[in-house]
Amino acid sequence: MPVVKSICRVCHGGCGALVSVEDGRVVKIKGDPQSPVSRGWMCVKGLKSPDIANHPDRLKHPLKRAGRRGENRWSEIGWTEALDEISNRIDDLRKTHGPESIAIGQGTGRHHYMHVVRFANALGTPNWYEPGLAQCFIPRITVSHLTYGGFVVGDYYGEVKPKCIIFWGHNPLVSSADGELAPAVKRAMTEGCATIAIDPRRSETAKRCKTWLAIRPATDAALALAMINVIITEGLYDKEFVATHTTGFDLLQAHTARYTPEWAEGVTWIKAEAIVNTARQYATSKPAVLDWGLGLEQNANSLQTVRAVAILRAITGNLDVPGGDILGMNILKGYPILKDKLPPDSSKKRLGGEEFKLLSSWRAYMPSAHIPALFSAMTDGVPYKIRGLLVFGGNPLLTVSNSRKVYEALNALELLCVTDLFMTPTARLADYVLPAAFWTEIDHVQGFPLVVENYAYAQTAVTQTAECRQDEWIIDELSKRLSLHGSDMSYKDIYAHQLSSTGLTHAALAQKGYHMPPHKYRKYEEHGFRTPSKKVELFSSVLKRMGYPPLPEYAEPPESPVSSPELSAEYPYVLITGARNKEFFHSEQRQVASLRRLHPEPSCELHPKAAAATGISEGDWAVVSTIRGEAKFKVHVTEDIHPQVISVEHGWWFPERDNELESLWESNANCLTADTPPYDPAFGSYRLRGLLCNIRRLNHG
Ligand SMILES: Nc1nc2c(c(=O)[nH]1)N[C@H]1C(S)=C(S)[C@@H](COP(=O)(O)OP(=O)(O)OC[C@H]3O[C@@H](n4cnc5c(=O)[nH]c(N)nc54)[C@H](O)[C@@H]3O)O[C@H]1N2
Ligand SMILES: Nc1nc2c(c(=O)[nH]1)N[C@H]1C(S)=C(S)[C@@H](COP(=O)(O)OP(=O)(O)OC[C@H]3O[C@@H](n4cnc5c(=O)[nH]c(N)nc54)[C@H](O)[C@@H]3O)O[C@H]1N2
Ligand code: SF4
Ligand SMILES: [Mo]
């Protein structure tokens, strides 16, 4: 039986996989022991890849809507007919209403991510989005660039092991997010390494940490500012690094003097003594990794929260040192996303562009539309109507905040085209549904970890399911029909371009597995940091010019026992949503029996004190409510959560139901979250964590 080396992409990816193929189908997946990062390990989702690839419900042919929108009646059509018709509809819209009337959407970090951005730019629409961005990763990426001129990741793969690791709003043992694969993180958490988790829940990662700080959701900026205060006051900062490589230290010192640990205790629910001890331990155990996650971003103060945390790495001298937080090597040539092809007048029309400068303006790392404004414009046409939406691998009905609004918006479109592996609730509302290829069915080149790029890998298509095609091929076919810029360069030409810096071909890299040149540390000693001052900007000159506070500040969450006490009388708990679980990737895999068996129902976590106060027991069904809506979950009563916090899963629908579209309203966390103002002033981040909620027992499940 042929066995082919590849890389799993059920999540953001990265684990080396050995794919066994029989009669053109993937029949078995095993971890590749030769992968230098995953060393033979794979998670349950990756190992069950054959059950996803060969699932009977996979979309297999292009479909055209035959009934009313959402009715689920379809005609099978050929690729030529589908692509001709869709490109004609796009052409009509762009000629009649301008390209900005067509939005281009996608999901989180998939293989085709950059190709979708390229397509939007070539088409001339500024209204590109994905459901993460302001709520996921863009604050961390942007702030790293503003502060140290590049993104950083923990040095989990080098020879020197960290002596201290802080996991801040991050659960990599479950999420393996963006390249920080669980096995590498686990290896680094050895005896002798101080490990600290800052999380309202004792996550799987926190359970393996020596210290767990149960923080009040969305108050992380206060904790980080107090830690800066302790490190400066006690003289624990790296004096040589600070003097040589940073700007604005004196201003930071003066600014943080008021953020004492005693002040932060009242804000964060963490004892002042624990704050002092954590600051001391982080500053004195070197090298140290500060591994941050999504917990810092899904709130209305994401810029300042992420900035405060970012500064800790710099003042302790942990940047780009062995065993610390390292800057990428950029070993592949940049993806030609055709940014310059987007006409300036069209980028001015980007929804959200004026207000959220770090998300939507030309200064943004990857300019995108503000999601609440984009979906509103589909229904109310303000400032102009979005008439078409093409989604490549996203399920916004489950993953964008305010599912009811998204539902209305998608129903108001003139053209909705969804490319996916399965008929999702979002796909059901479409005019055209196109069948996408699974990771064993694609050719691809990827720099890794995502964004930082210290190594590269390639994948080769080894199987084929019916008429499924990889997203890049679909985009290239549409681009040719629409005579877009760059349509003479196929995705395979782009891989060759990316690899030209390595001397490798796609086939050679796929066979070899990885290209991983030795890491070069302390790159800043030669060229400085890639910021305007060539130094780490503790005081951000760019933020100042843009009119945002150049030194990090705390802001009380807009909905909280402090800022809205009346509401808090009715909704006494603080809600967090979307903590990852190991069986599912967002709204996916609910139809995969081998995974669903392991995690059959949507669940929420509740502390025994809260359970006693509300009369709820382990295994009960309960309704969690916010001022915006309700959703139903099976309760897990656990000491591993702060008594005042309730955590609910996101992404739940029930593909096994007769009308799976209706099942969308039952246990959907995004019926609870807030897509309304206030947003983070720079990124426009909306609030998925740190909201007020209540819970009541449901008698008849
Ligand atoms: N309440 C709440 N909401 C959240 C979050 C939260 O924490 N709380 N997290 C947010 C974050 S950080 C993110 S990034 C988003 C994620 O949001 P999405 O990316 O929309 O989430 P998925 O459910 O993974 O949807 C991806 C879809 O792509 C399909 N798919 C998988 N692989 C491919 C492929 O190769 N090609 C194509 N065409 N389709 C494919 C899947 O079947 C699935 O339907 O969710 C956000 N939503
Ligand atoms: N299995 C699986 N893996 C995934 C995904 C998936 O859906 N399933 N999604 C992928 C995506 S798109 C992303 S973005 C990553 C995210 O991966 P991570 O960055 O690891 O994020 P989460 O697991 O969403 O949340 C991390 C922790 O933050 C805590 N938290 C919530 N609110 C706060 C807060 O206000 N402050 C602090 N300090 N902590 C808080 C939660 O309790 C949780 O344990 O995972 C990726 N990997
Ligand atoms: S962690 Fe991600 S890449 Fe690794 S096996 Fe699991 S799904 Fe695949
Ligand atoms: Mo994400």
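In this predicted model, ligand 2 is surrounded by 31 residues, and the closest of these are Ser 175, Asp 199, Arg 201, Asp 220 and Phe 584. Sorted by class, the shell around ligand 2 comprises 13 nonpolar, 12 polar and six charged residues. Two domains are well represented here: domain 3 (138-328 + 536-546) and domain 4 (565-697) each supply at least three residues to the shell.

Several polar contacts can be picked out around the oxygen atoms of ligand 2. Arg 201, already listed among the closest residues, places a polar side-chain atom 2.7 Å from an oxygen atom of the ligand. The side chain of His 170 also takes part, with an N or O atom 2.8 Å from an oxygen atom of ligand 2. At Ala 218 it is the backbone that contributes, through an N or O atom lying 2.8 Å from a ligand oxygen. Taken alone, ligand 2 would expose 920 Å², and the protein buries 99% of that area.

Attention now turns to helix 5, which spans residues 138-148. Of its 11 residues, 10 are buried, so the helix is largely enclosed by the rest of the structure. The buried set takes in Ile 138, Pro 139, Arg 140, Ile 141, Thr 142, Val 143 and Ser 144, together with Leu 146, Thr 147 and Tyr 148. In an α-helix, residues three or four places apart point the same way, because there are 3.6 residues a turn.

Definitions and conventions: Residues are numbered from 1 along each chain as its sequence is written. Chains are lettered from A and ligands numbered from 1 in the order in which they are written. This is a predicted model: local features need pLDDT of at least 70, side-chain atom pairs count only at pLDDT 80 or more; totals for chains, interfaces and linings use all residues. Side-chain values use heavy atoms; hydrogens and water are left out. Buried means under 20% relative accessible area, exposed over 50%, partly exposed in between (1.4 Å probe, protein chains only). Helices (H or I, at least four residues) and strands (E, at least two) are DSSP runs, numbered from the N terminus. A residue is near a molecule or strand if one of its heavy atoms lies within 4 Å of it. A polar contact is a pair of N or O atoms within 3.5 Å; within protein, one must be able to donate a hydrogen and the other to accept it, and residues adjacent in sequence count only if both atoms are side-chain atoms. Accessible areas come from the Shrake-Rupley method with a 1.4 Å probe; for residues, only the protein chains shown count as cover. Ala, Val, Leu, Ile, Met, Phe, Trp, Tyr, Cys and Pro count as nonpolar, Asp, Glu, Lys and Arg as charged, and the others, Gly among them, as polar. Domain bounds come from an automatic or database domain assignment.
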